[in-house]
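Biologist: I would like to learn how to read a model of this kind, one feature at a time. Could you take me through the general idea in each case and then show me where to look?

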Amino acid sequence: MTSADGPVAANGLEAAEPGAGVGGAAAGGSEAAGAAAAPGAQADAGSAVDGPQAGAEAPEGAGAGSDAADLQGAVSAESAATRIVRAEVTDRALSVEEHAALVDDQAAGAVVTFGGVVRDHDGGKGVKALFYEGHPTAGDVLARVVAQVAGRPRGVRAVAVSHRVGALEIGDVALACAVSADHRAEAFATCAELVDEVKAQLPVWKHQHFTDGTDEWVNSP
């Protein structure tokens, strides 16, 4: 239905008059230490001792405080807040590579990117160019969508998302998205969710110009 693989959708918002401005919103573990087990005190000869005597082998689970600290540290790292490096609606040219660089993180083991690119055909017709018109609230909506997805703890380190408006030519990037995460599964899932949610919620509409001289608005209310 679209001439770009990037998301274009209308939600319930009132459409802006053509030429309306679009606001761009830029977004720019606790340490735990296990207490060491106190050394067993030797009982007096005449005392009754229910616990293990000094020098006896420590029961299983001794030193668990250290293990608990390690586990808590790992959980804290996994649930660290995701950095929203960019969430922007703009009329500037987009670069997927730039977005990938923005989410670079030494703690990340995976970086997944997506580029929605303008293609040269739609619905059996040749497309020569298109124009994205955005509602004035589009920037705020994008920032909210990105914050919602990034706020779900799953080992994601950073995200960067931009959607372009204005006149685009064949091959131009309409949507750029990048996600860095500890593991590839989380990076893939988050990137896909960001793209889907932007497509579903962002109030941006597309005016396609075909090679036969006709034109059409897509997803315009």
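Modeller: Let us begin with burial: a residue is called buried under 20% relative accessible area, exposed over 50%, and partly exposed in between, with a 1.4 Å probe and protein chains only. By that rule, buried residues make up 38% of the 221 residues in the chain. This is a predicted model, in which local features need pLDDT of at least 70 and side-chain atom pairs count only at pLDDT 80 or more, while totals for chains, interfaces and linings use all residues. Residues are numbered from 1 along each chain as its sequence is written, and side-chain values use heavy atoms, with hydrogens and water left out.

Biologist: How many helices and strands does the chain have?

Modeller: Helices (H or I, at least four residues) and strands (E, at least two) are DSSP runs, numbered from the N terminus. Here the secondary structure comes to 4 helices and 9 strands, and along the sequence they follow the pattern α-β-α-β-β-β-α-β-β-β-α-β-β.

Biologist: In what order do the strands of the open sheet lie?

Modeller: Two strands pair if DSSP finds at least two bridges between them. The open sheet has 4 strands in the order E1-E5-E7-E2, and its pairing is mixed. At its edges are E1 (83–90) and E2 (110–117), each of which pairs on one side only. From one strand to the next the twist averages 5°, where axes are lines fitted to C-alpha atoms, for helices over the stretch in contact, and angles run from 0 to 180 degrees between N-to-C directions.

Biologist: Which way do the strands beside E5 run, parallel or antiparallel?

Modeller: Strand E5 (residues 156–164) runs parallel to E1, and 7 bridges join the two; for instance, arginine 83 has alanine 158 of E5 as its bridge partner, and alanine 87 has valine 161. With E7, by contrast, E5 pairs in the antiparallel sense over 7 bridges, and valine 159 stands opposite valine 179 in E7.

Biologist: Why is E5 described as largely enclosed?

Modeller: E5 is largely enclosed by the rest of the structure because 9 of its 9 residues are buried.

Biologist: Where do helices H3 and H4 lie?

Modeller: Contact means heavy atoms within 4.5 Å. Helix H3 (residues 138–150) lies across E1 and E5 and runs at about 155° to E1, whereas helix H4 (residues 184–201) lies across E2, E5 and E7 (173–181), at about 150° to E7.

Biologist: Which residues of H3 are buried?

Modeller: The buried residues of H3 are Ala138, Gly139, Val141, Leu142, Val145, Val146, Val149 and Ala150. They lie on the same side of H3, because they cover an arc of only 160° around the axis, the arc being that of the directions from the helix axis to the C-beta atoms. What covers these buried residues includes E1, E5, H4 and strand E8 (204–210).

Biologist: What should I look for in a salt bridge?

Modeller: Side chains of opposite charge can pair when their charged atoms come close. The criterion is a side-chain nitrogen of Lys or Arg within 4 Å of a carboxyl oxygen of Asp or Glu, and this structure holds 9 salt bridges. In one of them arginine 83 pairs with aspartate 105, with the closest N and O atoms 3.4 Å apart. That pair links distant parts of the chain, since arginine 83 is in strand E1 and aspartate 105 is in the loop between helix H2 (96–102) and E2, 22 residues apart. Arginine 83 counts as partly exposed at 37% relative accessibility, and so does aspartate 105 at 23%.
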